[in-house]
Amino acid sequence: MAITKRTFDVVIIGAGGAGMRAALQLSEAGLKVAVLSKVFPTRSHTVSAQGGIAASLGNVTEDNWHWHMYDTVKGSDYLGDQDAIEFMCRQANEVVYELEHFGMPFDRLENGKIYQRPFGGQSQNFGGAQATRSCASADRTGHALLHTLYQRNVSANTQFFIEWMGLDLIRDEQGDVLGITALEMETGEVMIMQARATLFATGGAGRIFQASTNALINTGDGLGMAARADIPLEDMEFWQFHPTGVHGAGVLISEAVRGEGGYLLNQAGERFMERYAPNAKDLASRDVVSRAMTTEIKEGRGCGDDNDHLMLKLDHLGADIIKSRLPGIRELAMKFAHVDPIHHPIPVVPTAHYMMGGIPTNFYGQVVAPYKTGPEEIVSGFYAVGECACVSVHGANRLGTNSLLDLIVFGRAAALKIIDDLKAIPHHKPLAENAADKTLARLTRLEDKKNGESVAEVKNELSKTMQTYCGVFRFEDMLQQGVEKMKEVATRVDNTEIKDKSKVFNTARIEALELDNLKEVAMATIISAEARSESRGAHARDDFPQRDDDKWLKHTLYFSKNNRLDYKPVRLKPQTVESFPPKARTY
């Protein structure tokens with residue numbers, strides 16, 4: 001197969017908030033930037049972020065970045081790296097004002113300042129009264145963000161490759177990253193995209209679970225590409241289950257509903273969160289609320305004929321508030337739950353939502369990992385930002401509205417670092433003649449396979465296995481069984497066949513290639529979870545119900561080759577302020 005090669009200064013895979021914020025900085029600096037996206041940029045999954053972007057503006061209640069930092073460290077169950085968390089929280093106000101000047105249509109208070117709403121895990125004065133920290137555009141903040149950034153990128157002449165899929169990293173013998181191989185989804189054309197810097201902003205991988213708030217495109221492509229190129233994946237046992245996915249559909253009902261005053265009810269009509277988090281109640285951190293909801297259901301206090309969900313009540317807010325502040329939520333509830341929240345509560349259940357782990361980076365977006373058997377070091381030419389990266393600012397549990405902040409702060413930081421780094425790399429490094437061989441071998445296997453298994457059937461088995469054996473509550477025997485089952489599924493992935501070999505938009509090929517990535521993420525997740533014998537943040541072990549800082553205050557590193565695990569310490573020392581030592585986490 002003849003392969004076209006194109007060269008760029010920077011290739012970015014992913015056109016969500018992180019990828020487009022980085023692209024804007026790079027294009028405005030005069031660099032030749034290519035951005036690949038499986039979907040049109042404004043359909044990237046950032047569009048689903050509803051509630052807001054965290055920043056301590058203090059427009060509604062007194063606030064400062066140090067309180068925001070404390071909440072983020074506490075929310076992470078002390079697994080977040082405190083220097084990175086300080087970096088993010090100190091820059092929050094600046095990046096929000098920058099977005100405002102880009103033209104992002106934030107809602108306004110009567111005095112003209114940016115509207116802010118309360119969210120879970122946010123406090124004043126280091127754990128005191130509820131803070132009001134989330135800057136919002138109604139309940140469509142991610143939508144507004146994407147459109148703002150896309151318009152700015154078009155103006156800056158960023159070059160978009162829409163409906164293209166990244167396939168594999170290209171590394172030389174020294175381990176430096178020289179670009180990627182990519183596939184045009186419509187035609188099946190394979191291209192080498194050579195770059196002086198390669199940035200992954202490929203988002204999450206929630207489709208490893210059967211019930212997920214994630215779009216179908218969230219198949220962990222960046223993580224699969226990194227794992228196959230001998231880059232470890234960090235903290236993959238930590239997956240956030242959002243408390244309020246629509247029962248039976250998984251569609252996200254934003255925490256903004258509870259921020260505006262909505263609350264959860266069980267079968268008896270009881271506000272049960274008062275028993276689990278007496279101070280924060282329904283605005284406790286997401287892992288706390290999800291576990292409380294799961295406990296209510298398991299103990300027989302769930303709603304409906306099967307007692308398998310709970311109710312989110314917001315009719316008491318009134319039609320005016322719901323229509324003005326939560327119009328998208330109302331639309332989703334009517335479409336997917338068949339209820340109008342102005343009159344009836346929404347049936348909800350915890351649903352796989354966000355990946356706290358990812359490709360290990362520093363807070364300049366540089367990928368930091370050992371190569372082969374060497375020590376941990378910066379991987380030259382390789383950067384990652386957003387949900388596919390692990391900085392780690394979210395640790396074992398992400399606070400709501402810190403995700404959009406993560407995208408913008410580190411998207412910009414990585415771009416600034418790339419601009420600086422490329423001053424020392426004026427020319428492209430030479431590519432080996434066999435640079436695309438691994439990709440071609442994968443494609444050939446899929447094309448030539450006969451009597452293999454159906455991609456759809458194996459993908460369904462993968463997601464069912466993860467849902468059953470690695471959910472909100474985890475058990476030793478089930479994790480052990482799950483690891484063995486996932487190893488069997490991984491073997492089956494390698495035996496899949498494209499049943500429909502027609503060239504109609506290459507849908508079957510794309511799904512087969514995505515399954516390769518889902519396999520890597522699922523294996524990393526369940527093997528890391530089985531090994532971590534404690535409960536911390538979103539990782540809740542029934543057999544080890546307590547957090548164990550003596551043994552487990554450390555990050556997991558999963559290596560795809562031989563399914564090997566290694567560990568590295570959490571960075572507890574911030575850059576300029578005193579650290580927050582681990583303590584009991586109560587809300």
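Where is Glu163 found? Glu163 sits in the loop between β6 (159-162) and β7 (164-171). Please keep in mind that this is a predicted model.

**Backbone spots to look at**

- Glu163 is not a glycine, yet its phi is positive, at about 65 degrees. Its relative accessibility is 33%, so Glu163 counts as partly exposed.
- His338 also has a positive phi, of about 60 degrees, although it is not a glycine. You can find His338 in the loop between α10 (327-337) and β14 (346-355). With 66% relative accessibility, His338 counts as exposed.
- Val391 and Ser392 are joined by a cis peptide bond, with omega at about 10 degrees. Ser392 belongs to the loop between β18 (389-390) and α11 (402-421).

**A three-stranded sheet**

- An open sheet is built from 3 strands in the order β3-β5-β4, and the pairing is antiparallel. Both β3 (53-54) and β4 (116-123) are at the edges with a single partner strand each, so one side of each has no neighbour in the sheet.
- Strands of a sheet pair through backbone hydrogen bonds, in either a parallel or an antiparallel way.
- β3 and β5 (residues 130-135) run antiparallel and are joined by 2 bridges. Across this pairing, Ile53 is opposite Cys135, and Ala54 is opposite Ser134.
- β4 and β5 are paired in the antiparallel sense over 4 bridges. Here Gln116 is the residue opposite Cys135 in β5.
- The hairpin of β4 and β5 has 6 residues between the strands, and Asn125 in this hairpin takes a positive phi near 55 degrees.
- β5 is mostly covered, with 5 of its 6 residues buried.

- Helix α4 (residues 141-155) has 15 residues, which should span 21 Å at 1.5 Å a residue; the end C-alpha atoms are 22 Å apart, which agrees.
- The buried residues of α4 include Thr141, Leu145, Leu149 and Tyr150. Among the elements that cover the buried residues of α4 are α1 (17-28), α3 (82-102) and α11. The strands β3, β5 and β6 are also part of this cover.
- Just after α4 comes Asn157, with a positive phi of about 65 degrees.

**Aromatic rings and charges**

- The whole structure holds 16 aromatic pairs. In one of them, the ring centres of Phe8 and Phe161 are 5.8 Å apart and the planes lie at 90 degrees, so this pair is edge-to-face. Phe8 and Phe161 are both buried.- Another pair, Phe363 and Tyr364, is tilted, with 5.1 Å from centre to centre and 55 degrees between the planes. Phe363 is buried, with a relative accessible area of 10%, whereas Tyr364 counts as partly exposed at 36% relative accessibility.
- Which residues do ring pairs link into a cluster? They are Phe87, Phe363, Tyr364 and Phe410.

- In soluble globular proteins, nonpolar side chains tend to be buried together.
- The largest nonpolar core has 73 residues, and Ile180, Met193 and Phe200 have the most contacts inside it. Helix α15 (residues 507-531) gives the most to this core, with 13 residues.
- Another core, of 60 residues, lies apart from the largest one and includes Met20, Tyr383, Leu405 and Ala413.
- Beyond its neighbours within four places in sequence, Phe200 is in contact with residues including Ile13, Leu169, Ile180, Met225, Ile359 and Phe382. Tyr383 is also one of the contacts of Phe200.

Note on methods
Residues numbered from 1 in each chain as written. Predicted model: local features only at pLDDT ≥ 70, side-chain atom pairs only at ≥ 80, totals over all residues. Heavy atoms only, no water. Pairing = 2+ DSSP bridges. Buried < 20%, exposed > 50% of the residue type's maximum accessible area, 1.4 Å probe, protein only. Phe/Tyr/Trp six-rings, centres within 6.5 Å; stacked < 30°, edge-to-face > 60°. Core = buried A, V, L, I, M, F, W, Y, C linked by side-chain atoms within 4.5 Å. Contact = heavy atoms within 4.5 Å. Expected span 1.5 Å × (residues − 1).
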